[in-house]
Amino acid sequence: MSGDLSLDINIKEPRWDQSTFLGRAQHFFFVTDPRNILKSSESLEDARVTVEKYRYGVVKPGLTEDELWRAKYIYDSAFHPDTGEKMVVVGRMSAQVPMNMTITGCMLTFYRTTPAVVFWQWVNQSFNAVVNYSNRSGDAALTTNQLAAAYISATTGAVVTALGLKSLAKRLPAVMSRFVPFFAVAAANCINIPFMRQRELKYGIPVTDEEGNRLGESVTAAKSGIIQVVVSRIGMAVPAMGKHCRFPVLNAPVQVGLVGLCLVFATPLCCALFPQKSSMAVSSLETDLQERILHSSPHTTTVFFNKGL
């Protein structure tokens, strides 16, 4: 080991207490910071090397604790927690604010015509599909055919839902019809996320004991995680989609600006609604998995899993 920094810092876990909403919010303000997408490949690689070497007991000379945590959050913002792979830029949670403020602003501004609804819903759901896949739980990747099928199902279902709601809006009072874009986004999330993470619903996601030892795969845990993610994503859309400009001349720029302002806070706060490292009682798991855990780890009463984002 080189350097003077202690090796007792647990960078496998976030810096703040994840059992509290405030601690989770502080954590996600760093993970979703839009400035992270401006980091160069060299910066990301340096952060990765710093974090991984520290985990193996190697400390870069002169490294301070604050620098270590900064490297960890740069690493967390760009690399998948289970696979360790670098996520595509638009799939990272740090891209949520700039991407969503543009897409949502345009959806709010140009949702009146059918072609506009179709186009912007397709753009939005294509972006969501990338995010949902990039932030999935577990370390098993979809095949190309599975990914293509998931993408087509997710985007088609979301667009059809949006068109149906738009048609319904014609029979609603003007005030209520303004909320149609929000309901379309909420319904689309309920479709997109499960489709893009369908492998988890079929085969399950890894569950571990408190020390991180893998105990098996659980579909029940996958369902729980996906439900939590859907709720969080709908929550992100509430403040942004609730905004509606009263001045048509300034419609587009005001919409985009208001949406961006809302998302800066809504994204980390809604990610913080549930711990990313979720837990579940062994007794709530599938019967066969309960039996395997009882046999291999009889003292384990609670399992942990990455719910995804």
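Glutamine 125 sits in helix H5 (residues 114-134); helices (H or I, at least four residues) and strands (E, at least two) are DSSP runs, numbered from the N terminus. Its relative accessible area is 0%, so glutamine 125 is buried (buried means under 20% relative accessible area, exposed over 50%, partly exposed in between, with a 1.4 Å probe and protein chains only). Leaving out residues up to four places away in sequence, glutamine 125 touches Thr155, Ala158, Ala188 and Asn192, where a contact means heavy atoms within 4.5 Å.

A quick note on what is being looked at: this is a predicted model, with local features needing pLDDT of at least 70 and side-chain atom pairs counting only at pLDDT 80 or more, while totals for chains, interfaces and linings use all residues. Residues are numbered from 1 along each chain as its sequence is written, and side-chain values use heavy atoms, with hydrogens and water left out.

Back in H5, valine 130 is another residue of this helix. With a relative accessible area of 29%, valine 130 comes out as partly exposed. Its contacts, once neighbours within four places in sequence are set aside, are Val88, Val90 and Gly91. For valine 130 and valine 90, the C-alpha to C-alpha distance is 7.3 Å, against a sequence separation of 40 residues.

Zooming out, the chain has 12 helices and 4 strands. It runs to 309 residues, of which 47% count as buried. Taking contacts between residues at least 6 apart in sequence, 75% join residues at least 24 apart.

Helix packing comes next. H2 (residues 41-55) and H3 (residues 65-78) pack with their axes 8 Å apart, at an angle of about 115°. Axes here are lines fitted to C-alpha atoms, for helices over the stretch in contact, and angles run from 0 to 180 degrees between N-to-C directions. H2 and H3 are therefore roughly perpendicular to each other (angles under 35 degrees count as roughly parallel, over 145 as roughly antiparallel, 65 to 115 as roughly perpendicular and the rest as oblique). The crossing of H2 past H3 is left-handed, meaning that the near helix is turned anticlockwise from the far one by less than a right angle; clockwise would be right-handed. On the H2 side, the contact involves Ser43, Leu44, Ala47, Arg48, Thr50, Val51, Glu52, Tyr54 and Arg55, and these meet Leu68, Ala71, Lys72, Ile74, Tyr75 and Ala78 in H3. By residue class, this H2 and H3 contact has 9 nonpolar, 2 polar and 4 charged members (Ala, Val, Leu, Ile, Met, Phe, Trp, Tyr, Cys and Pro count as nonpolar, Asp, Glu, Lys and Arg as charged, and the others, Gly among them, as polar).

H3 also packs with H1 (residues 21-31): the axes of H1 and H3 come within 9 Å and cross at roughly 75°. H1 and H3 are therefore roughly perpendicular to each other. In this pairing, His27, Phe30 and Val31 in H1 meet Tyr73, Asp76 and Ser77 in H3. The H1 and H3 contact divides into 3 nonpolar residues, 2 polar and 1 charged.

In the segment before H1 lies aspartate 8, which counts as exposed at 73% relative accessibility. Aspartate 8 and glycine 57 are 49 residues apart in sequence, with their C-alpha atoms 9.7 Å apart in space. Threonine 109, by contrast, belongs to helix H4 (residues 96-109) and counts as buried at 14% relative accessibility. Threonine 109 and proline 253 lie 144 residues apart along the sequence and 9.4 Å apart in space, C-alpha to C-alpha.

As for the cysteines, the structure holds 0 disulfides (a disulfide being a pair of cysteine sulfur atoms within 2.5 Å). For cysteine 271, which is in no disulfide, the nearest cysteine sulfur is that of cysteine 270, 7.5 Å away. Cysteine 271 counts as buried at 3% relative accessibility, and cysteine 262 counts as buried at 14%.

Finally, valine 282 is found in the loop between strand S3 (277-281) and helix H12 (287-296). At 10% relative accessibility, valine 282 counts as buried. Residues up to four places away in sequence aside, valine 282 touches Gln290, Ile293, Thr300, Thr301, Thr302 and Val303. For one of these, threonine 300, the C-alpha to C-alpha distance from valine 282 is 7.5 Å at a sequence separation of 18 residues.
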